[in-house]
Amino acid sequence: MFSEALAAHLLSHHRPLSFAVPNAAVHSTSDADISDTEMRLRRVASTRQKNGDQKSLHRPTMSSGNRIILHGVPKQGPNVPSSSGFCQKLESYLRANSIPYEDAAAYPFQAPKGKVPFVTLADGEKMPDSHFIIRHLKATGLSKDLDAGLTPAQKADSRAWQAWLEEIIYPSMVYERWVDDRGYAETAKDFQGSPWPLSSLLPWYFRRRITNGLYYQGVGRHSLDEVHTLEKEFVDALDAKFADGREYFHQTEAPTEIDVVLYAFLTQGLSQKGNAYFTGLVMEKKALKEFARKMLAKLHPEYEELREMLEN
């Protein structure tokens with residue numbers, strides 16, 4: 001089967017179609033300069049929509065009139081995290097607020113800003129970018145403010161850790177999957193079910209795009225050892241934060257927004273076979289494993305394979 005999920009994942013990662021990682025340089029993409037491979041993806045997306053097989057319902061605890069459609073990377077299965085960290089982040093936030101939503105497979109060229117995730121609200125408005133979607137949900141009362149009980153200093157601390165994770169560590173994780181030969185060998189396996197020559201062409205094509213995007217973003221200019229250093233610095237620092245036995249980042253009684261963000265990117269990275277080094281770092285940290293396990297039990301109990309991994 002054509003690997004739509006991974007192909008879309010590579011064309012997205014929360015940034016415009018021209019690159020695949022946060023903060024990459026951007027150029028406009030018109031029909032005239034879309035490659036043949038991207039045109040294939042458009043045809044796949046169109047076919048999926050016509051067949052009506054791209055949606056699945058989650059947590060229908062509110063009336064259908066309040067339901068949100070979450071447009072994101074097509075998942076490789078119903079009980080696994082998204083292959084996009086930002087799609088996983090937004091889905092985790094919706095679940096943390098018990099907001100009913102429908103999953104809808106989407107591709108960056110279908111999105112308002114040329115990136116996923118984006119949502120369709122109950123009134124039909126399409127809104128892009130996970131950060132601004134969350135701000136809108138809070139401002140309109142569609143979700144509660146998970147940070148309402150935090151001090152300004154705690155909120156600033158949360159934002160700094162989130163920026164560290166999203167702008168440095170996540171691109172490092174993508175580097176590990178696609179630039180490092182060992183990570184790439186694992187990631188490319190997801191294309192083996194594609195018909196020849198796509199099984200060879202697609203991973204090569206997307207690897208070039210991602211390598212280019214990471215270079216302009218900045219992380220791609222580092223050596224593999226330097227990228228591993230970035231990942232280790234973050235994991236060690238986060239583990240030190242939880243080493244005192246706290247359940248949540250700010251020692252609150254319930255998860256705050258940074259807990260949801262940390263959980264989303266941790267579980268997304270752990271679910272990718274191309275992230276062997278990052279996974280090894282996290283799995284060595286008892287406190288981080290316990291944090292991820294408890295959050296997973298609250299938000300995604302259907303992730304049975306990941307739950308078993310965290311419990312061992």
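Between which two domains does the largest pocket lie? Domain 1 (68-140) and domain 2 (156-311) each contribute residues to its lining, so the largest pocket lies between these two domains, whose bounds come from an automatic or database domain assignment.

The views below show a predicted model, in which local features need pLDDT of at least 70 and side-chain atom pairs count only at pLDDT 80 or more, while totals for chains, interfaces and linings use all residues. Residues are numbered from 1 along each chain as its sequence is written, and side-chain values use heavy atoms, with hydrogens and water left out.

**View 1. The largest pocket and its lining.** The volume of the largest pocket is about 520 Å³, and of the 27 residues that line it, those closest to its centre are V80, S271, Q272, K273 and E305. A pocket here is an open set of points, on a 1 Å grid over the protein atoms alone, where a 1.4 Å probe fits and which has protein on both sides within 12 Å along at least five of seven lines; lining residues have an atom within 4 Å of a point. Grid points are joined across faces, edges and corners, and the volume is the space filled by probe spheres set on the points.

**View 2. Composition of the pocket lining.** Both α6 and α12 (304-311) supply at least two residues of the lining, and the largest share, 4 residues, comes from α12. Helices (H or I, at least four residues) and strands (E, at least two) are DSSP runs, numbered from the N terminus. By class, the lining holds 8 nonpolar, 10 polar and 9 charged residues, where Ala, Val, Leu, Ile, Met, Phe, Trp, Tyr, Cys and Pro count as nonpolar, Asp, Glu, Lys and Arg as charged, and the others, Gly among them, as polar.

View 3. The bond from V116 to P117 is cis, with omega near 5°, and P117 lies in the loop between β3 (101-105) and β4 (118-120). A cis peptide bond also joins W196 and P197, with omega about 5°, and P197 is found in the loop between α6 (181-188) and α7 (198-217).

**View 4. Positive phi in residues other than glycine.** In the loop between α3 (85-96) and β3, S98 has a positive phi near 55°; S98 is partly exposed, with a relative accessible area of 39%. Q251, in the loop between α8 (224-242) and α9 (257-270), has a positive phi of about 60° and is exposed, with a relative accessible area of 55%. Exposed means over 50% relative accessible area and buried under 20%, with partly exposed in between (1.4 Å probe, protein chains only).
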